[in-house]
Amino acid sequence: MEHADVAVIGGGQSGLATAHALRRQGLEPVVLEASEQASGSWPRYYDSLTLFSPAGHSSLPGLPFGGDPDRYPHRDEVVAYLVRYADRLDADIRTGVRVREVGTADGGFTLTLEDGGHLSARGVVAASGTFGRPYHPALPGLEDFAGTVLHAAEYRAPQPFAGQRVVVVGAGNSAVQIAAELAAHARVTLAARHPARFARQRVLGRDLHWWLKVTGIDVLPVGRFLRTPPTQLVIDDGRYRAAVTAGAPDVRPVFSEIEGTKVTWADGSTEEVDTVVLATGYRPDLDYLRPVGALDAGGHPRHREGVSTTHPGLAYVGLEWQRSLSSNSLRGVGRDATRIAGRLAARLRAH
């Protein structure tokens, strides 16, 4: 059986930052990425997606993003950046390799791959991030909706929905972006249990992320104290708030019932709807750790700031609020990766 110092599961931003940090600790990681290139979930996002932070605040360790630091890079720019980062990393990155199961053996771990292969490792870092498993909330009547239901992970562009009546469920950045984009082609409602909260992209002449950095809010280690992550703010240069104010999209509380294609709103009114888009976020894609008992009943990892509380030698990088506000972002994942790599290297040297 092939052996590695550390197996890193996931070759997107989290896995690449982890591989960089482990190599700086003198370890030789093997990175296992299920897709065909080292860019994680980014190629599968909708066509118009831009980063929620500017280029100057969105680099992984060792390679600046480049270009105008104040611009918000497009999805394809992020993909190209991650592929470039992987090429310069000089690490063993294997694409098209999906991990089916992680087990324990001889004080270390055994990884069973989908193709039937196996890999043993002294340590494992689950770096498949928080964007691998689309979250489908339990909404009244949605399972019997006779129209089209899709998650934001399946949405690409607005043109196929031209002339339709569309409801976008959610209140975060993606929900607002998709709803505003669709509203130029369809009649759209943004529906959520709580209204979207907007944050100005620029404050006193500086980008919001500059303020998050200089105040220390971006790295404040409060993740372990949060039982429920706070509602995501919608970063806005003014156009999204203006679109909502103009009613394109209009905003309502989430529907109270669906029957066939008829939606009943909280005020009792009803109307026919063609499509429901769930911009309701994601959950960690960590099913490969279920057999070893590293997850709780809800499928969430048992950890403290990325260090497993169930298995020595197991760690996580890229979880939402793993340690701080920026833990699952391009701008912050490198800090967590460096910290995890140092702890993992110290443990492996001691054993």
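The legends below describe close-up views of a predicted model.

**View 1. The largest nonpolar core and the elements that build it.** This core has 62 residues, and those with the most contacts inside it are Leu60, Val168 and Leu182. At least two of its residues come from each of strand E1 (2–9), helix H1 (13–24), helix H2 (75–89), strand E9 (165–169), helix H3 (173–182), strand E10 (187–192), helix H5 (239–245) and helix H6 (333–350). A second, separate core of 24 residues includes Phe109, Leu111, Ala126 and Val292.

**View 2. The surroundings of Val168.** When its neighbours within four places in sequence are left aside, Val168 is in contact with Ala175, Ile178, Ala179 and Leu182, with Val188, Thr189, Leu190 and Ala191, and with Val277 and Ala279.

**View 3. The salt bridge between Arg339 and Glu305.** The two side chains meet at 2.7 Å, N to O. Because Arg339 lies in helix H6 whereas Glu305 lies in the loop between strand E21 (303–304) and strand E22 (307–308), the pair ties together parts that are 34 residues apart in sequence. Arg339 counts as partly exposed at 22% relative accessibility, while Glu305, at 7%, counts as buried.

**View 4. A network of salt bridges that includes Arg252 and Asp250.** Arg165, Arg187, Asp250, Arg252 and Glu271 are linked in this network. Within the pair formed by Arg252 and Asp250, the N to O distance is 2.9 Å, and Arg252 is partly exposed, with a relative accessible area of 24%.

**View 5. The salt bridge between Arg94 and Asp92.** The closest N and O atoms of this pair are 2.8 Å apart. Arg94 is partly exposed at 24% relative accessibility, and Asp92 is also partly exposed, with a relative accessible area of 33%. A search of the whole structure finds 18 salt bridges.

Conventions. Residues are numbered from 1 along each chain as its sequence is written. This is a predicted model: local features need pLDDT of at least 70, side-chain atom pairs count only at pLDDT 80 or more; totals for chains, interfaces and linings use all residues. Side-chain values use heavy atoms; hydrogens and water are left out. A nonpolar core is a set of buried Ala, Val, Leu, Ile, Met, Phe, Trp, Tyr and Cys residues joined through side-chain atoms within 4.5 Å. Buried means under 20% relative accessible area, exposed over 50%, partly exposed in between (1.4 Å probe, protein chains only). Helices (H or I, at least four residues) and strands (E, at least two) are DSSP runs, numbered from the N terminus. Contact means heavy atoms within 4.5 Å. A salt bridge is a side-chain nitrogen of Lys or Arg within 4 Å of a carboxyl oxygen of Asp or Glu.
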